[in-house]
Amino acid sequence: MYFNCHTHFSFKYGTLSVKDLYETAMKCRVRKLILTDINNTSGYIELLRIIRENNELYPLEVALGIEFRRDNQLLYIGLARNNDGFEELNRFLSHHNNQDIPLKPRAPEFSHVHVVYPWPSWKERDPRELRENEWVAIRHLQLHELRGTLYLDNMDKLVAWQPVTFADNGSFNVHRLLRAIDNNTLLSKLPVHEQAAPDEIMLPEGEAEKRFNMYPKLVRNARKLVEDCEIHFELGTDKNKRTVTGSLGADLALLRTKAWEGFCNRYDPDNDMLLERFERELNIIFSRKFVSYYLIANEIIQYAVSKGYAYVGRGSGANSMVAYCLGITNVDPIELDLYFERFLNPERTSPPDFDMDFSWKDRDDITKFIFDRFGHQHVSLLGTHTTYKGRSIIRELGKVFGLPKGEIDELVDYPSKVRDRDHITRLIFRFAEKMYNMPANLSIHAGGVLITEKPVYAYTSTDLPPKGFPVAHFEMHNAEDIGIFKFDVLSQRGLGHIKDTIQIVKKNRGIEEDPHRFKDFKKDPGIKKLLEKGRTMGCFYVESPAMRALLGKLECNDYITLVAASSIIRPGVARSGMMRAYIERHHAVKNGKGYEAIHPKMDELMKETYGVMVYQEDVIKVAHHFAGLTLSEADILRRGMSGKFRSRKEFQRVEDQFLKNCEKKGYPKHVIDRVWYEIESFSGYSFSKGHSASYAVESYESLFLKAHYPLEFMVGVINNFGGFYRTEFYFHEARMSGANVNAPCVNASDYLTNIREKDIYIGFIHLKSLETKIGQNIPEERDLHGTYRNLDDFIRRHNISLEQLRILIRAGAFRFTKKSKPRLLWEAMLYFGEKKSNTYTSDLFNEEPDFYPLPELEREEFEDAFDELELIGFPLCDPFKLLATDDPGNCTSEQLMGRLKQQVEIIGYLVTIKPTGTKDGKPMHFGTFYDHKGIVFDTVHFPEPSRKYPFRGRGFYRIHGKVVEDFGVPIIEVSYMDKLPMISRVGEGLPSEA
């Protein structure tokens, strides 16, 4: 009789996880239930998987439905009689979600669905109005209301109703907190009608049925209703679009033809070894039924090429020669000896995926193409679920318990200090633990797109978020479990800045560059120099302080080393000591010395990386060739280390087999333990080699532009608003490369930042409070009607408020008039004062303004810098000129290598901070600064100095510490640090707005 069961996918309502629901049903010996989450279908695939994995333990039967609510008012419950009914429900909910149409109180006429209305909404109505497939559900505490109603003569239309929302009274309290969060109200003020009844728990069926002893027919009706509903999904079977041409044979022929064309262009068609690899890949692709997957990816890429969009094909797909021949990826798997079995192998049970990166400006059009090409009914974006995490749930609970903001901030910032302060704080942390990782709402996966053979509604309802494309209710593990592969259509800023830089170079220098001459770039001395010195700010994936330091330690000057660096920088490899081992062995080989590998077999398998596991496929190689696992088992191991295993039991079995096989092969215990430790350290972090190689290609394209067009390149980076650092430091890097960085100017600036020879003009987009419309209109009007002659001419040509005009004047946008800012502000106020209006509209005649004699207005030396700090966020002059002290310390960045093991004092302007922690969980930090010469240096702040001398926001710091080095890269171990004041801003000498 359990036809109305909720999980926590009834967002901010249900409290049971899917696993909890299964275990509760097993505990209560419930044979069959119907999962009906509120306006949601997220949970059913996970439930089906859990049932399949535990079928021998307890073979629970399930059917599916949806509970339809509007503004938390229960309208009705739709129960799918079969798969067709489930599709009907999904189409119905998706239509209302995607069209933003409110649900009506009465359900439509369904063909394969039972509809159940709650007693309160139908008790006054005539049961004879109900359709054949419609019912009214009544709770045991409502049975007394049956007296005197027509239902006593129409008992066939009534069903016994025992909803399931939580497990026990403790879970009811979690439910109430969720409802208070959803209603944005104090828990003490939460209305009763916004809550479920406290008894919405699962009972043994006999116990639940006893509640309806007076009306046993209601129980029989409920049983019939449940028994009439069923669902059939075979997990893991292919549900993707099967063919592109309409025929499997024609698809294979098309794939072979297209791939062969690419093969002949990229390889020697008479090379037997390459031909064998080509045929082997095609055979595996065909046998694993991934032909359409390749053809669809190829269509997406070809569309991008036709539109002139930059792209990068990466991920494990880059290991495929066929993908390279089709142009899906641009990394040669033969040159890099990429392991195809990492992407596909005859035993692999999990689906592969291509990661296709496009510029953030182009990705939406690519997505639109996919929907238009393959049909809106067969395509959806992949969903994901935002969950309650430590800080967010503490903040939410603090609000519903009525704590003031200051106390909530304290709970979030210093949890260990205040968690036992009083009974309220103890409650908050207790319930935060219960709610941790509970889903809060549906969101969009970073790039996953699903393309199915049947309409997507056969498997899910969809929502329509602000992006404008339907989103499936389930996430990637669910998609994989049911047998739907995702295409990763991702966006990034790196491609955008490459494309924009090419256009800027053409405009500023008249040179047409091709950023894809990768073979030439590998020999480019300018790129080698940047890599060796770690001078990579702005360059895709290689600009972070940690990556710059790693490049310096490796003295990296070639592609292969950069590919390895792109993976060993990942936390798992770095923390395990494998990064250090790689660097040591790299230098040993470079200097003609040997090294000792942990075992000869490891060195044989990973010769290129000196016997060190660096890439994901190294796990497969070691598991298969070193430990003798099958390729299927090896892939389970790889996925487990990536945090992607779906069955801990299966993973444990493979782990045990790995250790047993190694013992059988006679490896010493210390070798087995070390190899297993290295595999474990990959947990969730390492890249596949193809992925790293693809990233490195894009890094080379960025490096080429930085090496040869550094000013245009920085403008491209700035205009794509991405990167590791704040915009200020890209302007600083441009200045260090020889640019003159100018404040916004109405006669020279555009909405985005531009460059004219060596003069960079900051775009209006960087003025914090300037309206977008004004910033865009200024260059448009200038292009149409010529440069602005003076302030009056500008005002006559724009409908602008005094407040907006003040921003432009204070930013220096009218300095071409040769008038001071105070004078321009006075003139603006006088103009607006005469008009008696907050806005200035165009006059009929373009007259020169009258001259207003004004007194001489004083202005301090650094007033412009303070205006820039306020309006742009950073000064355009050397910020060290604003420092209150003239003492630069006793060391500069360039002198650090000459001061090794010595204590130094250096003044630094903070660039970025990286919080991290020691192995025992103590907080520490890495810092990046630049000195008074503008040159960057790095610091490490161990736990004790971090605690005593914390960072206190942006600005200048006096740093004391010992200089140490690691493989030739210096860093300061900070022992003391203090924030330094800037000079004070004296009176503005400017008129007020009043």
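1. Cysteine 891 is buried, at a relative accessible area of 3%. Cysteine 264, by contrast, is partly exposed, and its relative accessible area is 33%. Both values come from a predicted model, and the points below should be read accordingly.

2. What is the count of disulfides in the structure? It is zero. For cysteine 264, the closest cysteine sulfur belongs to cysteine 325 and lies 8.7 Å away, which is too far for a bond. The cut-off for a disulfide is a pair of cysteine sulfur atoms within 2.5 Å.

3. On secondary structure, the protein chain comes to 39 helices and 24 strands. Its radius of gyration is 33 Å, close to the 30 Å from the globule rule for 994 residues, so the chain is as compact as a globular protein of that length. The C-alpha trace spans about 95 × 85 × 60 Å along the principal axes of the chain.

4. Burial and contacts can be taken together. Of the 994 residues in the protein chain, 56% count as buried. When contacts between residues at least 6 apart in sequence are considered, 70% of them join residues at least 24 apart.

5. How far apart are the mean positions of the positive and negative charges of the protein chain? The chain carries 135 positive and 141 negative charges, and their mean positions are 3 Å apart.

How values were computed
Residues numbered from 1 in each chain as written. Predicted model: local features only at pLDDT ≥ 70, side-chain atom pairs only at ≥ 80, totals over all residues. Heavy atoms only, no water. Helix = DSSP H or I, 4+ residues; strand = E, 2+ residues; numbered from the N terminus. Rg over C-alpha atoms; globule rule 2.2 N^0.38 Å. Buried < 20%, exposed > 50% of the residue type's maximum accessible area, 1.4 Å probe, protein only. Contact = heavy atoms within 4.5 Å. Lys, Arg positive; Asp, Glu negative; His and termini not counted. Charge placed at Lys NZ, Arg CZ, Asp CG, Glu CD.
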